[in-house]
Amino acid sequence: MSQRRVVVVDDHDMFRAGVRSEIGTAVDIVGEGSDVDTAVKAIVGTEPDVVLLDVHLPGGGGTEVMKQVHQRHPDVKFLALSVSDAAEDVIGVIRAGARGYVTKNISGAELVDAIGRVADGDAVFSPRLAGFVLDAFSGAIDIASVDEDLDRLSQREREVLRLIARGYAYKEVARELFISVKTVETHVSSVLRKLQLSNRHELTRWATDRRLV
């Protein structure tokens, strides 16, 4: 059987290089993307079997990539590969059309297996994440209300929210997202205002209640 043709989409050059090094002999990596525009161009230009897709990308995120690609090539299969294990991210990309979601601590052999299974039409999830999907379908998570609240926030505000809720200091958030501490403070103020919360403690509880951390 010929190797699976894969496009790797992630905004970190080092991570894409690591994926290529780890699985490049087991699959045929035919393209890469670092944001929505370069990802869509690479996918449409190569029509791979599977796209390894990070959830958070400059230009609109992984869901925007899927939306644009599926308008032209509805059969392209996506496997989300992200550092995030937040319920909102998992359910968001599955609703957008991804066939699976695995976190970045997956081994190379497991990732190759997941790519093969998604290419064959199966759905693949890291064990903990499968529970989010089941909860969403069973109604244990009120996805409609989560979406409504989060729709008020920009993509960057959501990223800041998640990191703050996980206990990151402003300096750590700034370093993680490559922005200034002042910008972090501005985003946090905006999030608190939009969600009608008073402080970090309330923000953390809000995010935890909605399984976003």
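I began with helix H5, where Arg117 and Asp113 are 4 residues apart, separated by about one helical turn. Helices here are DSSP runs of H or I with at least four residues, strands are E runs of at least two, and both are numbered from the N terminus. The model is predicted: local features need pLDDT of at least 70, side-chain atom pairs count only at pLDDT 80 or more, and totals for chains, interfaces and linings use all residues. Residues are numbered from 1 along each chain as its sequence is written, and side-chain values use heavy atoms, with hydrogens and water left out.

I then looked up the contact between these two side chains. Arg117 and Asp113 meet in a salt bridge at 3.5 Å, N to O (a side-chain nitrogen of Lys or Arg within 4 Å of a carboxyl oxygen of Asp or Glu). Arg117 is partly exposed at 34% relative accessibility, and Asp113 is partly exposed at 43% (buried is under 20% relative accessible area, exposed over 50%, partly exposed in between, with a 1.4 Å probe and protein chains only).

How many salt bridges does the rule give? I noted a count of 9.

Next I examined Asp54 and Lys104, whose closest N and O atoms are 3.8 Å apart in a salt bridge. Asp54 lies in the loop between strand S3 (50-53) and helix H3 (62-72), and Lys104 in the loop between strand S5 (100-103) and helix H5 (108-119), so the pair ties together parts that are 50 residues apart in sequence. I recorded Asp54 as buried, at 6%, and Lys104 as partly exposed, at 24%.
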